[in-house]
Amino acid sequence: MVENSITERVQVSNIVEPKDKNFDDIIAGRVSPSETPEDRFREFRFAKDHPAKLLRKLLDTEHYVFAPGLYNAGGMKLAAYAGFKAGYLSGYSYAVEEHGVTDVGAFSRSELAEQAARMVRASNYWVRERYVNDAEIRNPLPLVMDMEDGHGGFGQTQMLVQQIVPAGVAAGT
């Protein structure tokens, strides 16, 4: 009787312990997403590739990529919902919306980098929302950023790049 109960416990434990799903397998279509939003939230992982790679793949496969001029995180999510494949942080739009003046250098390099980081996060959260709510697998929108005049000389431009690349900005103009 003891052997049977131990054997049964071993068999039950083998059945009860399911293998964890790998999100890469879900993206590749080898495994289907979980049924409930709660389970999909637990299995979701943000993209591993830098947005610059996503933008390069888009440019390699598409004849052209429309990127609307945006100035905030809400606009980034709206562009994603509208079906755009990229976004563009416009210096002029940002200056008018945030400071009420035209693009005359009224904002700092740090302000622009922080705004870009918020927009990249909004795009990533939109991807997570689509997956958790509807089991749709989407790519985040790569953000192309108006780098203005680099906010000075070579050193200032280099510092701006050091701020925006880790933030997830795909390219600067």
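The structure holds 10 salt bridges, a salt bridge being a side-chain nitrogen of Lys or Arg within 4 Å of a carboxyl oxygen of Asp or Glu. This is a predicted model, in which local features need pLDDT of at least 70 and side-chain atom pairs count only at pLDDT 80 or more, while totals for chains, interfaces and linings use all residues. Residues are numbered from 1 along each chain as its sequence is written, and side-chain values use heavy atoms, with hydrogens and water left out.

**Stop 1: salt bridges**

Select Asp25 and Arg30, which form a salt bridge with the closest N and O atoms 2.8 Å apart. Arg30 counts as exposed, at 61% relative accessibility; buried means under 20% relative accessible area, exposed over 50% and partly exposed in between, with a 1.4 Å probe and protein chains only.

Next, select Arg42 and Asp39, whose side chains meet in a salt bridge at 2.5 Å, N to O. Both residues lie in helix H3 (residues 37-43), 3 residues apart, about one turn of the helix. Helices (H or I, at least four residues) and strands (E, at least two) are DSSP runs, numbered from the N terminus. Arg42 is exposed at 54% relative accessibility, whereas Asp39 is partly exposed at 31%.

Now display Arg130, Asp134, Glu136 and Arg138, which are linked in a network of salt bridges. Within it, Glu136 is bridged to Arg130, with the closest N and O atoms 3.3 Å apart. Is Arg130 buried or exposed? Arg130 is buried, with a relative accessible area of 13%, while Glu136 is partly exposed at 25%.

**Stop 2: Ala135**

Select Ala135, in the loop between H7 and S3. Ala135 is partly exposed, with a relative accessible area of 28%. Leaving aside residues up to four places away in sequence, Ala135 touches Pro33, Arg40 and Arg130; contact means heavy atoms within 4.5 Å. A C-alpha to C-alpha distance drawn from Ala135 to Phe41 reads 9.9 Å, although the two are 94 residues apart in sequence.

**Stop 3: aromatic rings**

A search of the whole structure finds 7 aromatic pairs. Rings of Phe, Tyr and Trp (its six-membered ring) pair if their centres lie within 6.5 Å; planes under 30 degrees apart count as stacked, over 60 as edge-to-face and the rest as tilted.

Select Phe23 and Tyr131, an edge-to-face pair at 5.2 Å centre to centre with 90 degrees between the planes. Phe23 lies in helix H2 and Tyr131 in helix H7, so the pair ties together parts that are 108 residues apart in sequence. Both Phe23 and Tyr131 are buried.

Move to Phe44 and Phe46, whose ring centres are 5.1 Å apart and whose planes stand at 90 degrees, so this pair is edge-to-face. Phe44 is buried at 8% relative accessible area, but Phe46 is partly exposed at 37%.

**Stop 4: the nonpolar core**

Which residues have the most contacts inside the largest nonpolar core? They are Met76, Leu89, Leu143, Met145 and Ile164, in a core of 27 residues. A nonpolar core is a set of buried Ala, Val, Leu, Ile, Met, Phe, Trp, Tyr and Cys residues joined through side-chain atoms within 4.5 Å. At least two core residues are supplied by each of helix H2 (23-28), helix H5 (73-81), helix H6 (91-99), helix H7 (109-134), strand S3 (143-145) and helix H8 (154-167). The largest share, 9 residues, comes from H7.

Centre the view on Met76. Not counting residues up to four places away in sequence, Met76 touches Leu70, Gly87, Met119, Ala122, Ser123, Leu141, Pro142 and Leu143.

**Stop 5: the whole chain**

The protein chain has 8 helices and 4 strands, following the pattern α-α-α-α-β-α-β-α-α-β-α-β along the sequence. Buried residues make up 31% of its 173 residues. Among contacts in the protein chain with a separation of 6 or more, 59% join residues 24 or more positions apart.
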